[in-house]
Structure formats: C-alpha cells, structure tokens
Amino acid sequence: MKICGLKLADIGLKLKNTFKYVVCGFGLVFFTFTISYGLEVALLAEEGMFRGFILKVVTERSGFKTGNYLQAFLFGIWHIVMCVLGVYDGQMSVGQAVIFAVGYVVLAGILALEWGTCVSMTGVL
C-alpha cells in the first residue's frame, strides 16, 4: 500500500463501524447458509422419494416408461400445494389456483420426466 501511496481508507477499508459490518457479514453468511442448506435437504428428499424410490420400484414392476411417467405425474401433483396455500392465504382465487395448478403439474412433470431419464441413463441421483 505504501508503494502505491494509498491508505486503507482510500480503497474502502475503514475502521469506523467495523464491528457492525463484521456482524452483518456473518449474519448474511449464516442466513445464506441456512437457506441453501434447507433447500438442499428438501431437494435431496424429493429426489430420493421420486427419482430414487418411486421410479426404482415402479420400473422394476412395470418398466421404465411407466415408472418415469408415474413419478413425473406424482411430482407434479406434489407441487400443487403451492396453489392450495395461495388460496388458503387469500393471495389468489380458486380459479387462479386451478390455472396455476395445471401449470405446476405440467412444468414439474416435464422436468421430472427429464430428471427421471437422466437417472436412468446415469444410474445416479
């Protein structure tokens, strides 16, 4: 820093309120970690249930095509809860919820078909 003729304050490092900013930084890290960890646990649970358990069991009994379509359909149905909560909380009408539910089932179902195919091709979740 002495070579360039700059002080710490010149590059944005100030000692004033340092403790406050350190605490805020650690709070942000904790919040981000907590949210991402919670999402990872939920995602792993969904993957384990739909692409792990349901796909495997149905594929062994009825073939891959039936297993993949069934897990995709159930995965889509699983996501309707967001629409039900929207009606329950008063954020959307029943008509809106039905339209969103159809969208959720179709979108989540298409994604689940792709993910089921990936699991079948690679053998891993």
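The paragraphs below go from the overall fold to individual side chains.

This is a predicted model, in which local features need pLDDT of at least 70 and side-chain atom pairs count only at pLDDT 80 or more, while totals for chains, interfaces and linings use all residues. Residues are numbered from 1 along each chain as its sequence is written, and side-chain values use heavy atoms, with hydrogens and water left out.

The protein contains four helices and zero strands, where helices are DSSP runs of H or I with at least four residues, strands are E runs of at least two, and both are numbered from the N terminus. The order of elements from the N terminus is accordingly α-α-α-α. Of the 125 residues, 18% are buried; buried denotes a relative accessible area under 20%, exposed one over 50%, and partly exposed anything in between, with a 1.4 Å probe and protein chains only. The exposed surface comes to about 9,600 Å², of which carbon and sulfur atoms supply 74%; accessible areas come from the Shrake-Rupley method with a 1.4 Å probe, and for residues only the protein chains shown count as cover. Among contacts (heavy atoms within 4.5 Å) with a separation of 6 or more, 61% involve residues 24 or more positions apart.

Two salt bridges are found in the whole structure, a salt bridge being a side-chain nitrogen of Lys or Arg within 4 Å of a carboxyl oxygen of Asp or Glu. One joins Glu-47 to Arg-51, with an N to O distance of 2.8 Å. These two residues are four apart in helix 1 (residues 18-62), and therefore about one helical turn separates them. Glu-47 is buried at 19% relative accessible area, and Arg-51 is buried at 2%. The other salt bridge links Lys-56 and Glu-60 at 4.0 Å, N to O. Lys-56 and Glu-60 likewise lie four residues apart in helix 1, about one turn of the helix, but both are exposed.

Beyond neighbours within four places in sequence, the contacts of Arg-51 include Phe-75, Ala-112, Trp-115, Val-119 and Leu-125. Arg-51 also lies over the face of Phe-75, 4.4 Å from the ring centre; this requires NZ of Lys or CZ of Arg within 6 Å of the ring centre and within 35 degrees of the ring normal.

The aromatic rings form three pairs. Rings of Phe, Tyr and Trp (its six-membered ring) pair if their centres lie within 6.5 Å, with planes under 30 degrees apart counted as stacked, over 60 as edge-to-face and the rest as tilted. Phe-50 is buried at 2% relative accessible area, as is Phe-75 at 4%. Phe-50 also pairs edge-to-face with Trp-78, at 5.7 Å and 75 degrees. Because Trp-78 belongs to helix 2, that pair ties together parts 28 residues apart. Trp-78 is partly exposed at 44%. Ring pairs link Phe-50, Phe-75, Trp-78 and Trp-115 into a cluster.
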